[in-house]
Amino acid sequence: MAETGNLTLPLLAPAQAQKHVTVNEALVRLDGLVPLVLISCSLTTPPAVVAEGATYGVPVGAVNDWAGQEGRVAIGSNGGWVFADPAAGWRAQILDEGLPAIHSGADWVAGALSLSPHGAGLRAGLAEIDHVIGAGATSTTAYVIPAHAMVIGVTARVTVALTGTLTSWQLGNAGAPDRFGSGLGLGLGSWGRGTLGAPLTYYSPETLMLTATGGSFAGGTVRLAVHWLELGLPSV
């Protein structure tokens, strides 16, 4: 046997020369895979500067040093890359999505909390945006709530103080302007935690709406995060 069964770590051969090469490669793989933290699973072009121990999920369409390595885990080592093959049931954290993931045997399923052999399961979702507010009584985001999402709540943090004639603001959707909060503060660091008493499912994509109270907005930026659950469909 030339490698281990689970992590495919290279094993020493009897009377092998330059044993340090094999041992060092095994340690590099182990350091990258345990615990498994993937910087990204969507980056198709490897970073120009390889950080030692940096770990990525290689997506379809990857180029340069990752060409032909789709679906594998790339681990930065010695200015280059070593690769490992993930298996069904492996778990990882995907940093640029802020989500845990389970490997289905074919791909990483971001947000998966459970995963059946045929891909069904419960998934947690998170979308975070920095919303720049323009002048007016209301300010509407892009579509940040996906279709079929069971929303648990929305959180907010003022990252650039809100200006204008308003005294506070509300956070919600069209038709329910205070669904996720009211009486929210204007200053840097002010926050809102809009937890729903009963989760609400949206069957089509939806925006968020910020509404000024007691006046209107002139400017500012709010970081918004939508938190939801969704059901994954089984495969054919």
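I started with Leu 12, which is partly exposed at a relative accessible area of 44%. I keep in mind that this is a predicted model. I placed Leu 12 in the segment before helix H1 (19-33).

Then I turned to the aromatic rings. How many aromatic pairs does a search of the whole structure find? I count three.

I looked at Tyr 56 and Trp 81, and the pair is edge-to-face. I noted 5.9 Å centre to centre and 75° between the planes. Tyr 56 lies in strand E2 (residues 55-57) and Trp 81 in strand E4 (residues 80-84), so this contact ties together parts 25 residues apart in sequence.

Are these two buried or exposed? I read 8% relative accessible area for Tyr 56, which is buried. Trp 81 also counts as buried, at 14%.

I followed Trp 81 to a further partner, Trp 66. That pair is edge-to-face as well, with 5.2 Å between centres and 75° between planes. Trp 66 sits in the loop between E2 and strand E3 (73-77), and Trp 81 is in strand E4, so the pair links parts 15 residues apart in sequence. I checked burial again: both Trp 66 and Trp 81 are buried.

Conventions: Residues are numbered from 1 along each chain as its sequence is written. This is a predicted model: local features need pLDDT of at least 70, side-chain atom pairs count only at pLDDT 80 or more; totals for chains, interfaces and linings use all residues. Side-chain values use heavy atoms; hydrogens and water are left out. Helices (H or I, at least four residues) and strands (E, at least two) are DSSP runs, numbered from the N terminus. Buried means under 20% relative accessible area, exposed over 50%, partly exposed in between (1.4 Å probe, protein chains only). Rings of Phe, Tyr and Trp (its six-membered ring) pair if their centres lie within 6.5 Å; planes under 30 degrees apart count as stacked, over 60 as edge-to-face and the rest as tilted.
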